[in-house]
Amino acid sequence: MKSILISILISFISSQLFSQSDFKDPDEFLRKGEQVPKVLLVGSFHFNYPGLDVHKAAEDQKVNIYSEKRQKELQELLDYISKFKPTKIMIETYNSSKFIKNWKAYKSGKAELYASERSQIGMRLADRFGLDTIYGVDSGDLLYKTTRTKEFSNTNSYLDSIANRHYFGGDDEMMKRYKNFYAYKDTLAFQNSLLETFKYMNSDKVLDRAFGAYISGGQFTSEEMEGPDALSMLWMNRNLRIFRKVQRIEHTPDDRILVIFGAAHVAILNWLYECTPEFDLVKFNEL
């Protein structure tokens with residue numbers, strides 16, 4: 001009897017596998033065998049600690065990127081990312097000209113290279129691969145535009161009310177757990193090499209759980225739908241706009257596009273690049 005049940009199970013599994021093998025890959029319709037540009041997303045902590053995020057690292061946990069130790073680790077990180085061989089580099093800024101200007105001044109011995117990852121990673125890699133420009137692809141969000149600009153003079157009172165509140169963070173139990181997680185990541189970055197830290201920060205589960213902070217507890221769970229509305233018009237919208245900015249920069253099927261942003265952006269961008277048939281996503285930990 002036992003052998004009969006096993007035979008039936010094997011037969012069922014085989015039939016399922018066979019039926020699945022008959023289904024077509026969506027890219028047979030959407031890519032048609034054509035090559036598409038490759039994209040590598042690199043999520044980073046902000047080397048210069050601008051203090052603009054809800055969570056702020058303690059002073060004794062901040063990485064000094066200018067130290068001899070960290071500069072040596074930086075070369076290891078750059079060597080690792082260089083495996084991707086980027087042909088275009090995108091960074092978290094609206095205007096990349098000041099970073100290019102700083103790089104030129106640094107090369108001529110007139111200035112120190114900015115501490116931010118945009119310079120320490122982005123500009124150094126642009127120089128390493130002989131790229132003549134670097135692209136700033138950051139963007140504002142729709143909530144800000146509809147409540148804080150002259151373009152929209154008759155703003156909606158509901159939009160004003162959600163714009164005047166901050167929907168990220170809070171003091172509930174889940175947010176307390178996230179604060180402990182953020183503190184752990186600060187400690188990890190301080191105690192480990194840059195490459196080890198980046199591999200952890202860019203792993204799938206860490207990225208996904210980091211995005212979970214925006215939808216688990218906190219002010220997202222406000223009355224009615226204020227939380228979801230604010231999140232979709234602010235954080236989600238900003239990242240969709242970033243994706244669109246990258247998308248509309250002229251590229252060829254042979255391009256290898258490196259996108260360097262704060263790690264909090266990467267969970268959303270990662271999902272967008274996994275979904276689109278127009279680009280081929282390369283995972284950081286699979287270089």
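Colleague: How many salt bridges does the structure hold?
Modeller: This is a predicted model, and the count refers to side-chain nitrogens of Lys or Arg within 4 Å of a carboxyl oxygen of Asp or Glu. On that basis, the number of salt bridges that the structure holds is 14.

Colleague: Which helices are tied together by the salt bridge between R128 and D79?
Modeller: The side chains of R128 and D79 meet at 2.8 Å, N to O. R128 counts as partly exposed at 36% relative accessibility, and D79 counts as partly exposed at 45%. The two residues are 49 apart in sequence, so the pair ties together parts that belong to helix α5 and, at residues 68–81, helix α3.

Colleague: Are E92 and R238 buried or exposed, and where does each of them lie?
Modeller: Their side chains form a salt bridge of 3.5 Å, N to O, and because E92 and R238 are 146 residues apart in sequence, the pair ties together separate parts of the chain. Under 20% relative accessible area is the cut-off for the buried class, and both E92 and R238 are buried. As for position, E92 lies in the loop between β2 and α4, while R238 lies in residues 226–248, that is, helix α11.

Colleague: In what order do the strands form the open sheet, and which strands stand at its edges?
Modeller: The sheet has 5 strands with parallel pairing, in the order β3-β2-β4-β1-β5. A strand with a single partner has one side left without a neighbour in the sheet, so the edges are formed by β3 (135–136) and β5 (280–282).

Colleague: How many bridges join β1 to β4, and what is the bridge partner of S44?
Modeller: Strand β1 covers residues 38–44 and β4 covers residues 256–262, and the two run parallel, joined by 7 bridges. In β4, the bridge partner of S44 is G262.

Colleague: Which residues of β2 point one way, and which the other way?
Modeller: Strand β2 runs parallel to β4, to which 4 bridges join it, and I91 has I260 of β4 as its bridge partner. The strand also pairs with β3 in the parallel sense over 2 bridges, where the partner of M90 is Y135. All four residues concerned are buried, and K88 and M90 point one way, whereas the other way is taken by I89 and I91.

Colleague: At what angle do helices α4 and α5 pack, and which residues of α4 make the contact?
Modeller: Helix α5 (residues 117–128) lies across β1, β2 and β4 and runs at about 170 degrees to β2. Helix α4 (residues 97–107) packs with α5 at about 70 degrees, with their axes 11 Å apart, which makes α4 roughly perpendicular to α5. On the α5 side the contact involves R118, S119, M123, R124 and D127, and on the α4 side F99, I100, N102, W103, Y106 and K107.

Colleague: How many residues of the contact of α4 with α5 are charged?
Modeller: The residues of this contact divide by class, with 5 counted as nonpolar and 2 as polar. Asp, Glu, Lys and Arg make up the charged class, and the number of charged residues in the contact is 4.

Note on methods. Residues are numbered from 1 along each chain as its sequence is written. This is a predicted model: local features need pLDDT of at least 70, side-chain atom pairs count only at pLDDT 80 or more; totals for chains, interfaces and linings use all residues. Side-chain values use heavy atoms; hydrogens and water are left out. Two strands pair if DSSP finds at least two bridges between them. Contact means heavy atoms within 4.5 Å. Axes are lines fitted to C-alpha atoms, for helices over the stretch in contact, and angles run from 0 to 180 degrees between N-to-C directions. Angles under 35 degrees count as roughly parallel, over 145 as roughly antiparallel, 65 to 115 as roughly perpendicular and the rest as oblique. Buried means under 20% relative accessible area, exposed over 50%, partly exposed in between (1.4 Å probe, protein chains only).
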